[in-house]
Amino acid sequence: MYSMTNKTLITPATTTDTIDIRQQQLEQWLQQVFEDQDFILDSLAGDASARRYHRIQLLDSNGAEVARYIVMDSADEQDAMQQFIMVDKLMMPAINVPKLIAQDLTKGFLVLQDFGAVEFAHLLVGATPAQVNEYYQLAMQTLVELQKLPVKTAKAQHQLPDYDAAMLTREMNLFSEWFIPYIGVELDEGLWENLKSALIAEILAQPQVIVHRDYHSRNLMQDQADKTRLGVIDFQDAVIGAYSYDLVSLVRDAYVEWSETQVSRWIHDFWQLQKQAELETVHSAEQFENDVNVMGVQRHLKVLGIFIRLFERDGKNRYLTDIPKVMCDFIFELEWLGAHGSDSMQQAVEPFNKWLIDTVLPAYQNKFVQQYI
């Protein structure tokens, strides 16, 4: 066996005592899948989940690469893997999701098509404004194709759950359970409950579609086999929910920043794409922008809580530096709704926003920004 950092060359006869038991199980399974085939297994950087990913390169007798795939190791998340497979089959007729090559649900192993290593975020680096717009138009058109899939099919044949009041509440409570204690302030329960109730009422009234639930620059890939298409990954948490959720994930991404003028332009563009595709939508781009900002507040409450939980519970501190971008988006959305939202939304947002400015932001600046920025 020849090994390098994070990389292992496996031949059919390879044995080792230097790698962990799980790695041995994975290699043995891959030797069965790719019988009598040499391969290199290269560990990839992890994400926010407990899953582990590898890239496998199949080699010919001269050591030249003949094919490559992605390997998912989901030892503690078999249910998530089953959901991944089910959602993959649902989405495949509409958008470019990875083809399934091999699977073992009992062991928690999956081999998938490899789109390559160029994320949507990578495409944006150094791109001209015109190129950036082209990339976002492609991402939005891909999202429209996803929203064309019938909700009835997703529920009946693929068991996608509803993004209901209970789920929306659990997600928002990540803010009160993790973020607020982290910065050391006391939650105003009355303002908090009023805000959540107002958000849920408007979110549940929005048109319902299939929601990817994490549609952003790190989960979209340039397909190296067809660079005119985006590969879509990390969709196993898909649900039936509001038509605005995935768009706000894309245009107010935690990892990429654009001016609000540009974001508003893309929101209006997406509304036009919905109309052209004859999808259910609202009567005006302004109303759609309202719906996106309502959904954005819910999502950013969740993300602020998740990033702190990843740090405190899971020991993953790399997301802390992304919190200021999320906080800025959150504040913008609250201020927009305070000025332009419905009467009921303004009544909930304005006192909450005052508490946020007077109590939360000073503690946030003191506890967080000075430490991590």
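How many salt bridges does the structure hold? There are 15 salt bridges in this predicted model, and the close-ups below visit some of them.

**Figure 1. The whole protein, before zooming in.** The protein is built from 12 helices and 11 strands. Its C-alpha trace spans about 70 × 50 × 45 Å along the principal axes. For 373 residues, a compact globule would have a radius of gyration near 21 Å, and the protein's 22 Å agrees with that. Buried residues make up 54% of the chain. As for charge, there are 30 positive and 53 negative ones, and their mean positions sit 2 Å apart.

**Figure 2. Asp104 pairs up with Lys107.** Here the closest N and O atoms are 3.3 Å apart. Asp104 is buried, at 15% relative accessible area, while Lys107 is partly exposed, at 37%.

**Figure 3. Glu260 meets Arg252.** In this salt bridge, 2.9 Å separates the closest N and O atoms. Which of the two is buried, and which is partly exposed? Glu260, at 23%, is partly exposed.

**Figure 4. Glu171, Arg213 and Lys302 form a trio.** Salt bridges link these three residues into a network. Side chains of opposite charge can pair like this when their charged atoms come close.

Notes. Residues are numbered from 1 along each chain as its sequence is written. This is a predicted model: local features need pLDDT of at least 70, side-chain atom pairs count only at pLDDT 80 or more; totals for chains, interfaces and linings use all residues. Side-chain values use heavy atoms; hydrogens and water are left out. Helices (H or I, at least four residues) and strands (E, at least two) are DSSP runs, numbered from the N terminus. The radius of gyration is taken over C-alpha atoms; the globule rule is 2.2 Å times the number of residues to the power 0.38. Buried means under 20% relative accessible area, exposed over 50%, partly exposed in between (1.4 Å probe, protein chains only). Lys and Arg count as positive and Asp and Glu as negative; His and the chain ends are not counted. The place of a charge is taken as NZ of Lys, CZ of Arg, CG of Asp or CD of Glu. A salt bridge is a side-chain nitrogen of Lys or Arg within 4 Å of a carboxyl oxygen of Asp or Glu.
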